[in-house]
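The following note concerns the aromatic contacts of the structure shown below. Please read the points alongside the coordinates.

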Amino acid sequence: ERGNWTNKAEFLLSMIGYAVGLGNVWRFPYLAFENGGGAFLIPYLTMLVLAGLPIFFLEVSLGQFCSQGPLGAFNGVPLVKALTSLEFASIYKTCISYLIHQLNGFKSTFHFHQGLGAAMVVVSVYVGIYYNVVISYTLYFLFSSFTSELPWARCNNQWNTQACVHSSSIYNKGLQKGKESNAPKYPKRAYQSELQLELCYGYTAIFTFYCGYSVKFDSINSNIRTCLKFGYKAFSRTYNLTGNLPTNISQRFNANLSTIFPSKRVSPSEEYWNFKVLEKTNNIENLGKIRWELALILLLAWIIIYGCLIKGIKSSGKAVYFTATFPYVVLTILLARAFTLEGAMDGVFYFFNPKWDKLLTAKVWKDAATQIFYSLSASWGGLITLSSYNKFNNNCYRDSIIVVITNSFTSIFAGVTIFAVIGFMAHVLKTDIASVAADGPGLAFVVYPEALTQMPVSPLWSVLFFLMLFTLGLDTMFATLETIVTSLTDAFPRQLRHQKCIFTLAVCVFLLLIGLPLVTQGGFYYLHLLDSYVASYSLIVCAIVEMLSISYIYGLNRFCDDIKMMTGRRPNVYWRVTWSLVSPAVLTFILVYSIANYKPLKLDDYSFPVWANVLGWFTVASSVLCIPVGAALEVGRNSGSFL
């Protein structure tokens, strides 16, 4: 037996946990401020109505109606279990009606949808490989936070370089020390990090005194550089460094000013991320060695996920009571703390400040539609899988509305929290907010960790933040792994259903082994490659094919009848128009726009080689081609018309 959710709360929390993921925290805030601030909410909410909600409701309805994973969602019959005699009598007629019209449309739809279901499962496999590596990063930072001082709080670690400069007291400390008449002696043993801290970034009274005007290091010219040499000598005398000053410092200062005065500050959190956590190589060709610390943490992540899914939805349904609600607790705590920091309201104002001219550009609407589509986790197969464990007469319409609204609220809530902290960081650095903001791993593992070091009791806030990211990732992995396992057990019920526990373990071990190259020193390049190609083009193609095939091959009226059987109400004209016309058009626009503006993949300043981009397109093809291949095979095996 497949089983059902124990109660409605477990299903809703699982759906919310699946839809609300890392992208809500590290992607939406950046897109909002980049695309018009508060004005971005207009295209965002518009695309939510035109594309996000329709495809979400379609997949939830489809999964619940067929009680099958993606591989069988389009041709199965509902499994009616654990019903009382009254419940059985009330839906007996609906099951008979379903069997009649399903048999009429079976041959014409199965060959398209089996390939579509396979494409979704392939995408879920790819996502399962690299997404758990991202979870491993959050665990690495989480474990590193259990200390009295965060390891990325200073620049005096063995992995730091000469360019490392911490934000703490960059401005105030140098100014204060320069103004003090009886300044303490400069600690010689700390010159490698502290000298840069005093000399770089900000205004200092010493340079003001010797140069005659304030100096800001982000706009150094040759005249100021010459002046700074005199300032450096005065600085050395002021802090009694002339006696035993290592000669290599003087030589390095005179020969390579760009080393001591970098044109771009490199934070200790960025160097911790690149040189300690990843130990990142220079290019994708250099895979390097396995980072055994990350490998062991990746193993731990898979053990945790398997433990939560050992009994399928019966065990994961209990885990989501914590994993789906804890992020909201942490976001609330972080927001309350952020509002006590200077500059926080500037960040929030910047986040919501509307730039109306942005609405006239196609990119803003494309970004809004893309964010809505991906944040709802559509076309991965997870929505179909989770809803397939509902009872047949569950009100999936109401559930879809609740989850979609919650997802959008979370994105805006996270945006306020993130930008409140970014505003504080900009205040500390004496710079503009735009120069501090970042998205993706850069926000989660560089910018925000640095901001945490500025807070009192920073390890506590770090533990809360990375535990939140960990739980956000867990919920997504629950549904991703359940999609793979459920799809295959539904396809081979006699062989796998009674051995689901062992089969789930086998899938976890397989994905763990395949994911090991991603925890090598050059593995982050491959993770970025998979995330950029697989979690983009493939999903859009699947979504377009899904809606068009339901609307024009299976039959839109027939699908609306199916929903009426379950909920007692037939979808109105809004749903029919968006499913058959508007949503496919919006997604086609996203696909065409993305391909037309395609550029070879880059990671910061590194450009991926041609073969790497070819590999990325191969991963796209490996999933998308399942659709026409599956259709061709079934057309050859079955007789009948397409309509």
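1. A charge is taken to sit over a ring if NZ of Lys or CZ of Arg is within 6 Å of the ring centre and within 35 degrees of the ring normal. In this predicted model, the charged end of Arg558 sits over the ring of Tyr554, 5.3 Å from its centre.

2. As to aromatic pairs, the structure holds 46. Phe141 and Trp152 have ring centres 5.3 Å apart and planes at 55 degrees, so this pair is tilted. The pair links distant parts of the chain, 11 residues apart: Phe141 belongs to helix 5 (residues 85–144), while Trp152 lies in the loop between helix 5 and helix 6 (172–179). Both Phe141 and Trp152 are buried.

3. The aromatic pair of Phe559 and Trp579 is edge-to-face, with 5.4 Å from centre to centre and 70 degrees between the planes. Here too distant parts of the chain are linked: Phe559 is in helix 24 (residues 523–567) and Trp579 is in helix 25 (residues 573–596), 20 residues apart. Both Phe559 and Trp579 are buried.

4. Which aromatic cluster includes Phe141 and Trp152? These two residues form one aromatic cluster together with Tyr137, Tyr140, Trp159, Tyr272, Trp273, Phe445, Tyr448, Phe465, Phe466 and Phe524.

Definitions and conventions:
Residues are numbered from 1 along each chain as its sequence is written. This is a predicted model: local features need pLDDT of at least 70, side-chain atom pairs count only at pLDDT 80 or more; totals for chains, interfaces and linings use all residues. Side-chain values use heavy atoms; hydrogens and water are left out. Rings of Phe, Tyr and Trp (its six-membered ring) pair if their centres lie within 6.5 Å; planes under 30 degrees apart count as stacked, over 60 as edge-to-face and the rest as tilted. Helices (H or I, at least four residues) and strands (E, at least two) are DSSP runs, numbered from the N terminus. Buried means under 20% relative accessible area, exposed over 50%, partly exposed in between (1.4 Å probe, protein chains only).
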